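Here is a walk through one protein model, taken step by step. Keep the sequence and the 3D view side by side as you read.

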Amino acid sequence: MREDGGAHRDGRGRRYGVRPRGFSGRADLPGAVLRGGGRDVARRRGPLSVRGRSYAWVPPFVLLVAIVLLDWNTSGAFRVLSWTVLVPGFAAAVCGVWGTAVFAGLAIGAYVLFDSAWPHQYRIGLPDFILVAVGSALAVLACAVRQRGERQRRHMEDVAETTRRTVLRQVPASWGGLDHAAVYLAADAAARIGGDFYDIQPSPAGPRVLVGDVQGKGLGAVEAAAALLGTFREAGYREADLATVAECLELRMLRHREHARALGRKESDRFATALLLGFPDDEPDIVKVVNFGHEPPLVVGPAGVRQLPDGDGLPLGLGDLAGPGLPPVRRARIVPGETLLLCTDGVTEARDGTGAFYPLAAELARAVAVDPRTAEPDRLVDYVRRGTLRHCGGRLGDDTTIFAVRRTVARGPAVGGPPT
């Protein structure tokens, strides 16, 4: 969500590559499709690697051979052997320290061997030897500095990944009797996580779903999202009435703001739009919705696409501006095969080069008409992900969450343990 408050992946995969049912990252650009029960492993590969085997040594080796052959086949008046200084410099960019050191030794050895093979009057001599030797030493040093920076970057990525796993926990397949898939697209690809949040919490009264977007960015937004999710996981399990869960969320946001205000933070006026859904066990064709100023859900099914009524509530944290009372709990009928699509405004406010918004409902209606299976949660979130990135040319202006959920077709009573 933007700072001005304008309207604006859980399962298998990772941020680096898309899997049909997994959390992925930047394939078309950033993104992640998640489906319950999978692993979330980030495989780090070095440059120029194929099937886990590195071929980074090939380009500098080819360059060295090319320079030696070119020098050997030129006249004595035009010598290029000193160009071997480029070899360890190239290796420093793609190889490790030991690989760069090997190429530095090869460059110096090639210089000495092939320069001494020429008659005395055509030899380049000591000055260029010093150039190659010093350049090789500097290349090894530069490679060491590069690898140190890469280690620090990987450490920061691990920290960000741990934060993401803590805030946006993995949700098992068919968790609480719901089929689901989600996509999380961070506008800042290095950050991996922002103020968007989502989760499913089983309860004795039926599973509950929370999707939302905290106003602003940075660690403050992540803290607010973590606070709301913690409250949802506790109250969503223990409270039988969905309205009480909504009240707990509002109170938690107000307490979080008060804490930020006591610390003197600028984000003491932070708020969050959110959708709170309940799937009651005793009413299998009903979904209950509490809308805290969020984009209303779309219902996508073989029959087409429809939108649930707009919410008339204020965002979480602003309920005191409307006097007593919270957004009402509204009921909607969902037929078998229909999927609820919940998005943050990174989708609805995605713009193309002309400034036009992404026509989400119209695009989905056409896709479902062509292939009704598009309404399946994993297919649906992947379709919206690709469409959003295509529409905005991969330039996301805001963190984006795409969450699709529907009741599992064959389902008994929900068995939900205490919140985790």
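Start with a single residue and its surroundings. Thr84 touches Leu64, Ile67, Ala107, Tyr111 and Val132, leaving aside residues up to four places away in sequence. Thr84 itself lies in the loop between helix 1 (58-72) and helix 2. Is Thr84 buried or exposed? Its relative accessibility is 0%, so Thr84 counts as buried.

Now step back to the whole chain. The model is a predicted one. The protein chain holds nine helices and 13 strands. It has 420 residues, and buried residues make up 49% of them. The accessible surface of the chain comes to about 19700 Å². Carbon and sulfur atoms account for 59% of that surface.

Next, look at how helices pack. Two packed helices are described by the angle between their axes and the distance between the axes. Take helix 2 (residues 86-94) and helix 4 (residues 126-167). Their axes come within 8 Å and cross at roughly 5°. Angles under 35 degrees count as roughly parallel, and helix 2 is therefore roughly parallel to helix 4. Which residues make the contact? Helix 2 brings Pro88, Gly89, Ala92, Ala93 and Val94. Helix 4 brings Ser136, Ala139, Cys143 and Arg146. By class, this contact of helix 2 with helix 4 has six nonpolar, two polar and one charged residues.

Helix 4 also packs against helix 5. Here the angle is about 30° and the axes are 10 Å apart. That makes helix 4 roughly parallel to helix 5. On the helix 4 side, the contact uses Thr163, Thr166 and Val167. They meet Val222, Ala226, Leu229 and Arg233 in helix 5. The residues of this contact divide into four nonpolar, two polar and one charged.

Follow the chain past helix 4. Ser174 is found in the loop between helix 4 and strand 4 (178-185). Ser174 has a positive phi of about 55°, although it is not a glycine. Its relative accessibility is 36%, so Ser174 counts as partly exposed.

Strand 5 and strand 6 (residues 208-214) pair in the antiparallel sense over six bridges. The two strands form a hairpin with six residues between them. In the turn, Gly206 has a positive phi of about 125°. Gln201 stands opposite Arg208 in strand 6. The bridge partner of Ile200 in strand 6 is Val209.

Tyr198 is in strand 5 too. With a relative accessible area of 1%, Tyr198 is buried. Its C-alpha atom is separated from that of Val209 by 7.4 Å. Along the chain, Tyr198 and Val209 are 11 residues apart.

End with strand 6. How many of its residues are buried? Seven of its seven residues are buried. Both faces of strand 6 are covered. On one side are Arg208, Leu210, Gly212 and Val214. On the other are Val209, Val211 and Asp213. Strand 6 also pairs with strand 7, in the antiparallel sense, over seven bridges. There, the bridge partner of Val214 in strand 7 is Ala272.

Notes. Residues numbered from 1 in each chain as written. Predicted model: local features only at pLDDT ≥ 70, side-chain atom pairs only at ≥ 80, totals over all residues. Heavy atoms only, no water. Axes fitted to C-alpha atoms, helices over the stretch in contact; angles between N-to-C directions. Helix = DSSP H or I, 4+ residues; strand = E, 2+ residues; numbered from the N terminus. Parallel < 35°, antiparallel > 145°, perpendicular 65-115°, else oblique. Contact = heavy atoms within 4.5 Å. Nonpolar A, V, L, I, M, F, W, Y, C, P; charged D, E, K, R; others polar. Buried < 20%, exposed > 50% of the residue type's maximum accessible area, 1.4 Å probe, protein only. Pairing = 2+ DSSP bridges. Areas by Shrake-Rupley, 256 points an atom, 1.4 Å probe, with all protein chains shown as cover.
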